[in-house]
Amino acid sequence: MNLTALAAIAGGQPRMLTDFVHGCSPEASTRTTAAAMLALTLWQRMGKTATPVLPSMLLVNAGGAAADPVDAFAEALATGMGDKEPQKTGAGAFAQGTPEMAGTAVVNAVERRKLLGDAGPNKEAQIRSLMGRFQAARTTGYGSGLAAHYSSAWHEKLGWLTDPCDAAILRLDRPEDHAAFRADVLTRPKRLLLPEGPGKHLHPANKTLAVSGSLPEAEWDSELACGLVTLGLPMFFLPHFGRKPLVGAEALQLKAMTSALGTFGFRQQGGPGQIIAEARLPDDPWVGHYEDQLRLRLYRLPGDYEFSVLRAGRELAPVCVRIVQQFAASGTPNPELHKIYVDLHSMALRGIVIGVAGLAYHGLGIGPWNQHGALVKVLQHLRQAGPTSRRDFQRKFPVLKAKNRDALLGQLATEGLVYLEAKMITAVPLAEFVRALHTRKEFPEPAYTCLEETAAKKR
């Protein structure tokens, strides 16, 4: 099926987004997470033609599901019509090649291009040949498209291998991807902060990367969470407890539109320019409340992370506008487009802010940054020791006087991190923390405009 046919399918249902975000799960919390996941993943698919820096997204599976159902759909959207797996045999300029030969072939292509020096008319054919061989070998050994397995996309000699647009969605699909990602965050942050690799013309080029995947409870620990916010990248966490596959996740229309976003939809000449973060938020009290909640959490985190998240929050609205425009059938009235946009943006913003607040599970955002290490030790002790008395807790942390101890425990209880009884302290499990997080009074659901319209029609 060609891209024109895909676009026709994808644009055939103007309410496709509405049907998905409002009907993908019977659980309101899962619907919110799915909407945020959808917006962030499609944003990643737009690449740097949308924003210079792409958001990364890590789902946190607190429901105990063996396979995260929300991430399963995120993987399908991120991959689109590409293929993250190596090919059985090479084709085109790498015909008769194999995946095992691809690593050497890409290095040879880059080195031979370097030896050619500056481009010129008499070198044009050779350069084109090397570029073609490089991409054909990369596709054979490392997969095709914007999405790639995190650990496979890194080449020890060349850096990040991406498609010619110099952008990649790095997926955490396998144990080796999780291990490589953790090692990069904690010991090799330069790979993510200053990503480089062969560009379209095989010269060293800056890369635009976005990470996407799901972390099980055991891997979402304080060390990784702290390391990620320290990087200062727009990394969004989406904790949820969904266990069942999303309804409508198999829809061809959604997958087709994903491919359009990653190909001609935003790369064609004369397409929309890069998004500039909004100087002012929409004049809406609900949005203003969520901005306040976001700032309340971020000012206690590293300044680079605060800036990145606030900037991405200001870019979210125009990103959602583009998504709605791309999904809508030709001729869809502007009032209907606006209603779909309002619901998508509201749900995505709510999911993002809840995720930032969820960092409190690791003591992030609820106290001064320079005291974070001490707070982590307190939380780790309470979770490992099981229910403990106030007296035993003070023996473990004698530096805390009774008044300070009670104030600290009261703050942890307010954040939903501990249960306090008369004399006992009990740590709250992650699943219970996440369930309560989605229902906290400071995170109200929006007034869904599309649902109001549906109800009015029924009346």
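Rings of Phe, Tyr and Trp (its six-membered ring) are taken to pair if their centres lie within 6.5 Å; planes under 30 degrees apart count as stacked, over 60 as edge-to-face and the rest as tilted. Ring pairs link Tyr-150, Trp-154, Trp-160 and Phe-181 into a cluster. The model is predicted: local features need pLDDT of at least 70, side-chain atom pairs count only at pLDDT 80 or more, and totals for chains, interfaces and linings use all residues. Residues are numbered from 1 along each chain as its sequence is written, and side-chain values use heavy atoms, with hydrogens and water left out.

By the ring criterion the count comes to 10 aromatic pairs. One of them joins Tyr-150 and Trp-160 in an edge-to-face arrangement, 5.5 Å centre to centre with 75° between the planes. Tyr-150 lies in the loop between β2 (147-149) and β3 (154-155) and Trp-160 in strand β4 (residues 159-160), so the pair ties together parts that are 10 residues apart in sequence. Strands (E, at least two residues) and helices (H or I, at least four) are DSSP runs, numbered from the N terminus. Tyr-150 is buried, at a relative accessible area of 1%. Trp-160 also counts as buried, at 1% relative accessibility. Here buried means under 20% relative accessible area, exposed over 50%, and partly exposed in between (1.4 Å probe, protein chains only).

A tilted aromatic pair is formed by Tyr-361 and Phe-433, with 5.3 Å centre to centre and 45° between the planes. Tyr-361 lies in the loop between α14 (334-358) and α15 (372-385), and Phe-433 in helix α18 (residues 430-437), so the pair ties together parts that are 72 residues apart in sequence. Both Tyr-361 and Phe-433 are buried. The ring of Tyr-361 also has a charge over it: the charged end of Arg-383 sits 3.7 Å from the ring centre. Such a contact requires NZ of Lys or CZ of Arg within 6 Å of the ring centre and within 35 degrees of the ring normal. Arg-435 lies over the face of Phe-241, at 3.9 Å from the ring centre.

Five-stranded pairing was examined next. An open sheet of 5 strands has the order β2-β5-β8-β1-β9, with parallel pairing. Its edge strands are β2 and β9 (235-240), each pairing on one side only. Neighbouring strands of this sheet are turned by 20° against each other on average, direction ignored. Axes for this angle are lines fitted to C-alpha atoms, for helices over the stretch in contact, and angles run from 0 to 180 degrees between N-to-C directions. Two strands pair if DSSP finds at least two bridges between them.

Strand β8 (residues 208-216) is mostly covered, with 8 of its 9 residues buried. Strand β5 (residues 167-172) pairs with β8 in the parallel sense over 6 bridges. Within this pairing, Ile-169 stands opposite Ala-210, and Arg-171 stands opposite Ser-212. Strand β1 (residues 56-61) runs parallel to β8 and is joined to it by 5 bridges. The bridge partner of Leu-58 in β8 is Gly-213, while Asn-61 stands opposite Pro-216.

Strand β1 is itself mostly covered, with 6 of its 6 residues buried. In a regular strand the side chains alternate between the two faces of the sheet. Both faces of β1 are covered: Ser-56, Leu-58 and Val-60 are buried on one side, and Met-57, Leu-59 and Asn-61 on the other. Strand β1 also runs parallel to β9, through 6 bridges. There Met-57 stands opposite Phe-236.

Helix α3 (residues 28-46) has 19 residues. From its first C-alpha to its last it reaches 27 Å, close to the 27 Å expected at 1.5 Å a residue. The expected span is 1.5 Å times one less than the number of residues. Of the 19 residues of α3, 18 are buried, so the helix is largely enclosed by the rest of the structure. Gly-47 follows α3 and has a positive phi, near 75°.

Helix α12 (residues 285-298) contains Leu-296. Leu-296 counts as partly exposed, at 42% relative accessibility. The C-alpha atoms of Leu-296 and Ala-357 are separated by 9.3 Å, although these residues are 61 apart along the chain.

The structure holds 0 disulfides (pairs of cysteine sulfur atoms within 2.5 Å). Cys-226 is buried, with a relative accessible area of 18%. Cys-320 counts as buried at 0% relative accessibility.
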